[in-house]
Amino acid sequence: RYSLFYNRLKNIEQNEGGLDKFSKSYKIFGVNQFVDGGIYCKEWAPGAEAVFLTGDFNGWNPFSHPYKKMEYGKWELFIPPGQDGYPPVPHGSKLKVVIRAQNGELLYRISPWARYVVRDEDKVNYDWVHWNPPQLYIHKHPSPKRLKSLRIYESHVGIASPEGKVASYKNFTYNVLPRIKDLGYNCVQLMAIMEHAYYASFGYQVTSFFAASSRYGTPDDLKEMIDVAHSMGITVLLDVVHSHASKNSEDGLNKFDGTDSCFFHSGPKGTHQLWDSRLFDYANWEVLRFLLSNLRMWIEDYRFDGFRFDGVTSMLYHHHGIGTGFSGDYNEYFGLHVDEDALCYLMLANHMINFLHPECITVAEDVSGMPALCRPVAEGGGGFDYRLAMAIPDKWIQIIKELKDEDWNMGNIVHTLTNRRYKEKYIAYAESHDQALVGDKTLAFRLMDAEMYTNMSVLSPLTPVIDRGIQLHKMIRLITHALGGESYLNFMGNEFGHPEWLDFPRRGNNESYHYARRQFNLTEDHLLRYRFLNAFDRDMNKLEERFGWLASPPAFVSEKHESNKVIAFERAGLIFIFNFHPFQSYVDYRVVIWHSSLIVIFKYKILLDSDAAEYGGHQRLDHSTEYFSEEYPHNYRPNSLMV
């Protein structure tokens, strides 16, 4: 694998002048304005017979501005400035690339490199709009330094409002970012930013890869949003979709030059069976140029601090993970079923990012467990910094759905939370956007279900269902945070047990926005119990910020007691103790401490208590109590203490 990567990199250096120049192609492809006011246009359309540029600037004459055919399927066009020195294509004017296909048909297309596309309310398809404002946005704040502990707030700009509408970048900037900061998250992961024609696709059916979605505002609005996040010390990651593309042809990449291939594999190999989308040909030189340039543009133009790569499992294997289980056997990760071209692209992408912008972070969404995916490229690894611990939310769902409280298996929970590849960093999460979508349920909804509609008020009795749900919601999130990985992720709203599900407007729900919103206002109502969960999540993050357990070595698990339903472990100098027993509390309970000194006595105090009143608990612990270590062997360690 490293040999394949090295040969590709060497070819780029020999034929393109290096990876730096190769990945800067976004500055010359598409329609770009020169300093003197002229317009330079460049496209890759290997299957086209002829290429033209048309739009508002020439009265939509499809043939007045032909491109010149170059080598390797490239086409170029230069439009000189007007007599008055003004650019021939004004800012805000609509454009189209006209492709004469091999059968003579004229195809009106949006450039794959378009920076801004909009859709009028009375139209189905998007229009390409030339974005070249007279005053470019100037970033005022530097990017934060690379974080040791990542606490990620997974977000969607469009639903980030209690109102039933598409929310804006401006709303996120001034209403949501302060909330994220207050909750103790230091990183925001933005979904659905790359332009996608179908809103209900959650941003995963991308149509314009270089365009920030216009449904939330302008490119400058997004730049301001990222700039303000940086001023708060918040790192910003982009949920990048390079695993597939929308099948749209009128306003997407599909059949751009009139052929079935171009950016994609031709025939069945180029279509994802389940997603009904097109699959990139990662062995193609121009596809590599397109995707690598895309990453660089988002970093350098918008100042994103890294990426969460979506659908990595689909990229890694020719079977795309469809109908395939992964047990961890190495035969599942090495063989002809692995798409080495896609893996090589991921290695190139991570190498480029690390070489040009070493402060940036990359995350892989891979459910298969591909070995060395998060090891350096120089070791033959994939080069990612983190991978998502995708087995953890599945385990919590399985436990809550299938087991009675008294049947919870402590060893199985610990195994799932600690089962990760040595020296590969994992992002732990109890639930993400996947569990919030219609057809699934969040943890809060699974735990409390219909009673969330009637019994979340502090004026109503605390029923056993609500009591159990609130307590387990806190405990599940804390043990996942502290034991499950080297980073933590939460989907917006889930921190306070957001009721109901997430469903975008579509035909099946009469285009309703009722479930495409986040009711942050629930945490501000002091008569509702949502504020307890919100406060616990905030203080949990603040405690991690203080002690840094995510950046510490893996925890030492000292107890997973099946009959007592107790889990105890130590990490970053803190002792974490969880009592999952449905009805039994304990006094004088002995737990191990890692320190083995026979001279020093260590004193411990409670720092975070899920049973505290401010978190909706029952106040059964005295926080003024001090706990002292003693030379008393327990669970094969020489020292312990009583709690």
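Helix α9, which spans residues 410-418 in this predicted model, has Met410, Ile413, Val414, Thr416 and Leu417 as its buried residues, where buried means under 20% relative accessible area, exposed over 50% and partly exposed in between, for a 1.4 Å probe and protein chains only. Seen down the axis of α9, these buried residues fall within an arc of 165 degrees, so they line one face of the helix; the arc is that of the directions from the helix axis to the C-beta atoms. Helices (H or I, at least four residues) and strands (E, at least two) are DSSP runs numbered from the N terminus. The cover over the buried residues of α9 includes α8 (391-402), α12 (464-483), β22 (556-561) and β23 (566-571), with contact meaning heavy atoms within 4.5 Å. At the start of α9, a side-chain oxygen of Asn409 comes to within 3.0 Å of the backbone nitrogen of Gly411.

Local features in the model need pLDDT of at least 70 and side-chain atom pairs count only at pLDDT 80 or more, while totals for chains, interfaces and linings use all residues. Residues are numbered from 1 along each chain as its sequence is written, and side-chain values use heavy atoms, with hydrogens and water left out.

α12 also supplies at least two residues of the lining of the largest pocket, as do α13 (530-547), β24 (574-579) and β26 (603-604). This pocket holds about 1,600 Å³ of space, and of its 45 lining residues the closest to its centre are Ile577, Asn579, Asp609, Ser610 and Leu621. On a 1 Å grid over the protein atoms alone, a pocket is an open set of points with protein on both sides within 12 Å along at least five of seven lines, a cavity is a set where a 1.4 Å probe fits but cannot get out, and lining residues have an atom within 4 Å of a point.

The largest cavity has a volume of about 60 Å³, and its lining includes Glu154, Arg308 and Glu365. Glu365 is also one of the residues touched by Thr313, which is found in helix α6 (residues 312-316) and is buried, with a relative accessible area of 8%.

Asp301 lies in the loop between α5 (285-300) and β17 (306-309). Its side chain is joined to that of Arg115 by a polar contact of 2.8 Å, a polar contact being a pair of N or O atoms within 3.5 Å of which, within protein, one must be able to donate a hydrogen and the other to accept it, and residues adjacent in sequence count only if both atoms are side-chain atoms.

Methods
Points joined across faces, edges and corners; volume = space filled by probe spheres on them. Lists of a residue's contacts leave out its neighbours within four places in sequence.
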